[in-house]
Amino acid sequence: MLREIFLFELQYRLKKPGVYLYFLICFAFAFTAFANGALPLDEKQFINSPASIAEYVSVISMVVMLASSAIMGVPLYRDIEYNTREYYLSYPITKAGYFWGRYLGSFVFVFLFGVAVMLGIYCGTKAGPLFGWQDANRYGPNRFIYYLQPFLTLALPNLLFTSSLFFGLVAILRNVKVIYSSGILLLLGYILSHFFTRSSHNQYVIHLSDPFAINSVQTINGGLTASEKNTMIVQPAGLYLVNRLLWTGVGIVILFYTWFRFSFERFFRPVRQKKTGTTELKSFNAPGAFTVSFGKKYKRPVLFTLTKIEILNIIRDNYFWIIIVAGGIFLGVIFSHGYMINGVRNFPRTGMILPLHTKNFVIFIFCILIFYTGEVIHRERSTGYAFINDALPPADWIFNLAKILSIFCLSVFLTILPMFIGIVAQLSRGFYVFDFPVYFKVLLLCMLPRLIQWTMLSFVLHICIRNKFAALGVGIVYIFLCMLAVESGYFNYNLLLYSYEPDYGLSDFDVIGHMLKPISWFNLYWLLCGALLLMIGYLFYIRGTVNSFKERMQLARERFHGNAMWFTVILIIAFIATASYNYYNVSYLNHYYTGNEEMAQRAAIEKTLKHYEDMPLPKVTDIKMTADLFPEKQTAYFNSLVTLVNKTTVPIRELLLDGDNLTDYSLECNGAVLSYTVPLLFPRGKFNFFGPAFDSSGYRLYQLPQPLAPGDTVNIGVHATKTFKGFTNGLYAGNFLYNGIVTGLGLPGLGYDDDEELRKEDDRKKFGLPKRKEEFPADEEAAGVNRLMGTPAHDLIRIDLTVSTSGDQVVVGPGTLEKQWNENGRNYFRYTCASPGIYTSPGLLSARYASVHDSIQAEDSRYIPIDLYYNPAHYNNVQRFIAAYKTALPYYSKVFGPYPFRQARIAEASIYAPWTNSMSGTSMFGERYGWNADFNNPDQFDYCYYAGVRQLARQWWGEQVAPNHTKGAEVITDGLSRYCAYVLCEKKYGKYNMNAVVGDDLNWYLWERRWHKGDQQPLLHASNWSEKDTKAGHVLFGLKDLIGEDSINAALREFHDKYLFITNPPFAGAKDLYSCLQKHVPDSLQYYLKDSWERVTVYDNRMIDVKAIPLGDNHYKVTLTFSTAKTYMDEKDDDQPAGMMNDYIDIAVFGDNTVNKEGRSETNPLYVQKCRFGAGEHTVSVTVTGKPVSAGIDPFLRLIDKPWDNIKPCTVVK
Amino acid sequence: MQLTISKLSKTYTNGVKAIRNVSLTLNEGMFGLLGPNGAGKSSLMRTIATLQEADEGTIQLDDINVLKQKTEVRQLLGYLPQEFGVYPKISAEQMLDHIAKLKGVSNKGERKELVNYLLDKVNLYKDKRKNLGTYSGGMKQRFGIAQALMGKPRLIIVDEPTAGLDPAERNRFYNLLSEIGLNTIVILSTHIVEDVSTLCSRFAIICEGEVLFSGTPADAINQLNGKIYSKTISKQDVDNYKRNYKVISTQLKAGELSIRVLSDSNPRDGFTQVYPDLEDVYFTSIGSRVDINTI
């Protein structure tokens, strides 16, 4: 019996096109990913490494889940759907045969989808190198076990779990829609839990909470080096094994539970009919005369009633509400949770939560829309009502329009819903600033048109492709292909990607700002295109029985006349007009280049201009500038007089200038405009047909009127304009908002800019470029010492800026604000840095700021005003930044040297600016950083304070002492400023409460270390950001703990004074800082300095056991058992035991945390001791007063060591 | 009103010739369509109901070209398909009200009256608030009748309307049809020959897409007057009789077989002449096309 039913199921399935489609999709996804290497890979990781196969299989099994839901849901439901139940019960069928036959017959196909994935991977790895999509050396050997093992341990258990779940749900609930809703619920639930587990460090949560084991596999792979990833298969062991057994077990339990609960009688029992109240019987006479009319008043009410019935059909479906409620809960959780920085949530400000919806969640809404469009279009046919409906009098277009309107209503509902969810989420956080204009602009002006465009496409897909699931598949595949193309940078020309529009950000300064215009134009463009699609839909709309394509064509021809034709013609004209306007803006006024063309341009620059890299360049020593900013026109004019000094030994004849950041500029010298040649032109972009054949590269080569002899000075006038013509394909003018300008001084770059060179080796190879030489080659170190980090023209610059802006805005600039005044309704500001000058590139900010002014006594009799400029809506944390300045300014002045400017400024910048930045006298924080943090618990880390003191430290480290152009020199700016921030946090939170501050950074460094294992350098030659910044800060802070604050400050002061505002080389590098430190470290501690600066050293200290014996009188004897170890990285990038070890490491015993007067919880060390330990296991006993709760080895994270095993709870033994 | 079908033909893409050169003229009153399953009755009706295109031929309803002026036809049409479904989550009352609007009954009060009247007539009044998805087969069929008669149809096409109705309901329906069907053309397809003889002023027999007979039931029966003979024979002899006579129907009753044959002259051999009925007409007609074997 089982056999017959099983075989029947196979035959039945094989006749359905769906299974082939799913098989193909599974295959194609895997094939594309592996043929193009579109996977998250390490640099040296093979595309087909066992690690990447395992990771891919775990992730893709979620996608296969959708297919399995379609396959596993129907086999039982089919008998209900087709009413075969009526006679099925009369057949001699056994329960086992029926149940298992159907299950296995369907599962075979799910199994085959899994095989399709593996097959796709295999073929992809073969096709990739064969067709030259990827380099052959990016693929390793294809071993069978690399495929078999993940198939058996990942694909099969995952599919078994989902298949059993879906099969069981239908068997028990006897409804097939439960599949769609549970599939979506599972997906949403999964994404939601992923959202939370990502931030969790709990191994049990990471490994066990995930039925697809994606987290597990990623965690395990994350800890492997590239070579391990290339050779090791993910072994099922430990928690990962438990996960696999657990979820496979859950699947089997569900299956058997279903099996035991399943009975024919119950399953085939007709659906109970609800009893509704009977209406009293009346007798009716034949109605008197009534009028039937199809005149003018017929169409509108009929359209209305048709739309109403259609909407009722949608909303009376319970599953609709399940999906909506699930999505709503999901969105609500995301909204109310919002972004977290350093464990502190931001206020759920409208402009901040909405992007969570518009950027990611919108895909979910697209899926709902295309699904319900299918339901709406196929409703008559799938219910059988079509036979009645189609013979009713309304014209085709009325039926069509009613359907479209009902889906539009759904779109409007789905557009407005996020607003209500957003408001509820905001209320739940006690946040009452509902920014309705933002909701309105984002949802109704940007979002709704996109949803409507999408329903239009869905509409025509569902009409033209008569199979509902195929249309659904085509639509969803289209969404993902577009997403893939755009996000991979492969193709993003919005004029050719249906329903795509330029990207935009949501800033509280300007909301959508100027981007509303291009977005509206693109929306209009796609709406018109959508309307044309609707016309196609209308022409091919099926009414009655249509048998052949020929008949459909004939009907379409018949429908295409009169109004329909005129309407189409008008639409086409409007569409072409809009398309032309958009094209004119995107590809004529502006030049659009594909990602590939942009790379080709960068390669061309390198090929043609690289030889200018070593051309002698003068240094800029003075800039005197007047600038006029017109924010309302997004335009700025700059007139500068730049003093250039030839500090080289050869005469300078020509200057290479890079002006691609400016709209136009000209140079003059002694009243004469300088002429120039253009060393490089780019060919016209593929999509800019009507533009000129060649486009400027931005580079110009100027001949100086007379050569600039060594030591000579020349003044050059620069007149530059920055403006924006029309709109572009993507986001533009992000730093030139109506309210919120962040700009440089409008000067072209001097010399060849190697920052723009292609970096990825694959890209370089593709464009015929040689391997990129190291940025700081060892043999050029001597030369690097003689110049500053940044361009060769960099020097200490004296500046004098006079800037005007509109009457309601304020300009924040560098250095000292000399004067500010109002003239002709415009605000003027004069900023200077006359003596000694500034090292960092100056910039200007202009916006409608609110401001707070305070001051602090920096040195004996000197008060420094602190001026803070912020968006008036973001007032909550202003005092935290001020407090940071007020604490740090006196401290830094005292220990490092006086503050060099007359004011200290803090300014808020829009979302388009970097999160944090600093220039002389001014620190800048982006609006998403700190300003909106919702501090509501004294235990939270005040990262505004942290960021404030850190940015202020850069006024010493960077502004006064500038790094030279050698490897690791950024330690001086990034590392020292982080160290300073740690020191000032320690002053705020106490010596023993720094784990929350240091721990995150340390984890980040260790995480980065795992990812870039082959790329590790000692601090002296630090190249990664995690080394120059995070690690440097950490080891300096550790050093402070060993040698004391005064000693390290003395060393830093010496270093500071030696390099303070120097204009002549040698400039300061990491080595110089190191040698200053060395002088102040006693011999007994030199090992620490050497370990941290000259080697890559990692400790592995862990607490093994902590026991306490009460001694009476509140005394306890605590015995600590722990192990210590230290490793050095060798030449092969492997960690080797350090051999000798006798290092100072803290041990401590803690009591219960105490709460300080601010309500902040603090650690309560009962015993802290720094002792020397060798490698190995140690047991130490100490006597403490007070009940011990835990104890730790290096509990304050002074060393580079994995933090999570350093502290263990204490067991008190009687 | 007059419906004229001339030289109508339709071949499906799978090669089945559903309608072959059909020409019929229908006047006001009931017109029955008789024919075996798959004869093309439904295809013909669908074509008249504007739901299907024809390959050749014309259909003219007075001055309306049915195949082209579909909207005009639909405004006069009441159609009950052989098989149909409903929106499961909508109540009968709401759905009928909706359909009434679509059929041009724009006055709310009149519509309500009409809906209630029809619901009462098809005996669904007490269930009018129930969702259609909960209706049984018979209830659904009655709902279908109600919607077909909604508005002021001048052309009513009902495809096997009494399927699934009990005899009482059937009578009720025919009475209703007669009541509403005054001054209208009613096309009714059925398997029940008796229905045609009691109800229809004219009828046609269709087989394999062709019209084999069209006219009044009386004319049809008259044609066979004196040509039908009956005999009771034993079962094993039936093949023998089939070889020798034109057997048009056989009926097994209590172990004995009663056969009816068509013959211009008395075949003797124990046959007795009987009065022909419409069933004889039906079997005689289609017997020329398909092999009817009633045992």
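Helices and strands here are DSSP runs, helices (H or I) with at least four residues and strands (E) with at least two, numbered from the N terminus. Everything shown comes from a predicted model.

**Close-up 1. Asp1194(A), a positive phi in a loop.** Asp1194(A) sits in the chain A loop that links β36 (1190-1193) to β37 (1207-1209). Its phi comes out at about 45°, even though Asp1194(A) is not a glycine. Most residues other than glycine have a negative phi. Asp1194(A) counts as buried because 27 other C-beta atoms lie within 10 Å, and the cut-off for buried is 20 or more.

**Close-up 2. Ala733(A), with phi near 55°.** Here's another non-glycine residue with a positive phi. Ala733(A) belongs to the loop between β12 (713-722) and β13 (736-737) of chain A. Ala733(A) has 18 C-beta neighbours inside 10 Å, so it's classed as partly exposed.

**Close-up 3. The cis peptide bond at Pro1065(A) and Pro1066(A).** Omega is about 0° for the bond joining these two prolines, Pro1065(A) and Pro1066(A). Most peptide bonds are trans. To find the spot, look for Pro1066(A) in the loop between α31 (1045-1059) and α32 (1070-1079) of chain A.

**Close-up 4. Helix α17 of chain A and the glycine just after it.** Helix α17 runs over residues 396-428 of chain A, 33 residues in total. From first C-alpha to last, helix α17 reaches 48 Å, close to the 48 Å you'd expect at 1.5 Å a residue. Just past the end of α17(A) comes Gly430(A), with a positive phi of about 70°.

Methods: Residues are numbered from 1 along each chain as its sequence is written. Chains are lettered from A and ligands numbered from 1 in the order in which they are written. This is a predicted model: local features need pLDDT of at least 70, side-chain atom pairs count only at pLDDT 80 or more; totals for chains, interfaces and linings use all residues. A residue is buried if 20 or more other C-beta atoms lie within 10 Å of its own, exposed if 12 or fewer, and partly exposed in between; C-beta atoms are placed from the backbone. The expected span of a helix is 1.5 Å times one less than its number of residues.
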